[in-house]
Amino acid sequence: MLPRRPLFLKLIQFGDRLAISKVLKTSDFDYRNRMDVSYRELLYCGSIVSDHLERNIMDQDGKKSNNDRVAILAPRDFHYPSYLLGTWISKFSVVPLYEKHPLEETKYYIENSDAKAVLCHPFYLSFLDPVCKIGRAHV
């Protein structure tokens, strides 16, 4: 269920309007392939992420805490806003990670923020695998 906040209400209102448009470059001269995503699709993907997070993040009593943090590492395309929305829908705080930071620095951000989970795009799994073996949910 979506929180009744202005951000989510606007996403619902915008519906089929264009939210993200990305040119998928297949060669140096071909810019015909596009990935267009509507607000409705973005919200749908965010809801899937939210469901996944809520199933995987619980405290010792089996309850969800709204103060929990989730670290996110995703490409700066459609995936990042859908992960971000899903985290916000679940009422978690976001700890953004950057793939160009050294592994030790990334590990520090995750540990220092006390992130309950790391939400990671499959492309970055091999980079984050050593960090996630420290007892956090690898979502």
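Analyst: Helices are DSSP runs of H or I with at least four residues, strands are runs of E with at least two, and both are numbered from the N terminus. Residues are numbered from 1 along each chain as its sequence is written, and the model is predicted, so local features need pLDDT of at least 70, side-chain atom pairs count only at pLDDT 80 or more, and totals for chains, interfaces and linings use all residues. Side-chain values rest on heavy atoms, with hydrogens and water left out.

Helix α4 covers residues 103–113, and helix α5 covers residues 125–132. The two pack at an angle of about 55°, with their axes 10 Å apart. An axis is a line fitted to C-alpha atoms, for helices over the stretch in contact, and the angle between N-to-C directions runs from 0 to 180 degrees. This makes α4 oblique to α5, since angles under 35 degrees count as roughly parallel, over 145 as roughly antiparallel, 65 to 115 as roughly perpendicular, and the rest as oblique. The crossing of α4 past α5 is right-handed; that term applies if the near helix is turned clockwise from the far one by less than a right angle, and left-handed if anticlockwise.

Contact means heavy atoms within 4.5 Å. On the α4 side it involves Leu-103, Thr-106, Lys-107 and Ile-110, and on the α5 side Phe-127, Leu-128, Pro-130 and Val-131. By class, the residues of this contact are 6 nonpolar, 1 polar and 1 charged. Here Ala, Val, Leu, Ile, Met, Phe, Trp, Tyr, Cys and Pro count as nonpolar, Asp, Glu, Lys and Arg as charged, and the others, Gly among them, as polar.

Within α5, the buried residues are Leu-128, Val-131 and Cys-132. They lie on the same side of the helix, because they cover an arc of only 90° around the axis; the arc is that of the directions from the helix axis to the C-beta atoms. An α-helix has 3.6 residues a turn, so residues three or four places apart point the same way.

Phe-127 also lies in α5, but at 23% relative accessibility it counts as partly exposed. Buried means under 20% relative accessible area, exposed over 50%, and partly exposed in between, with a 1.4 Å probe and protein chains only. Leaving aside residues up to four places away in sequence, Phe-127 touches Leu-73, Glu-99, His-101, Pro-102, Leu-103 and Thr-106. Phe-127 and Thr-106 are 21 residues apart along the chain, and their C-alpha atoms are separated by 9.9 Å.

Asp-114 has a positive phi of about 55° although it is not a glycine. Most residues other than glycine have a negative phi. With a relative accessible area of 42%, Asp-114 is partly exposed.

Elsewhere, Lys-91 has a positive phi of about 65°, and it is not a glycine either. Lys-91 sits in the loop between α3 (79–89) and β4 (93–96), and is partly exposed at 45%.

Another helix pair is α1 and α3, whose axes come within 11 Å and cross at roughly 125°. These helices are therefore oblique to each other, and their crossing is left-handed. Leu-7, Phe-8 and Leu-11 of α1 meet Leu-85, Trp-88 and Ile-89 of α3. That contact has 6 nonpolar, no polar and no charged residues.
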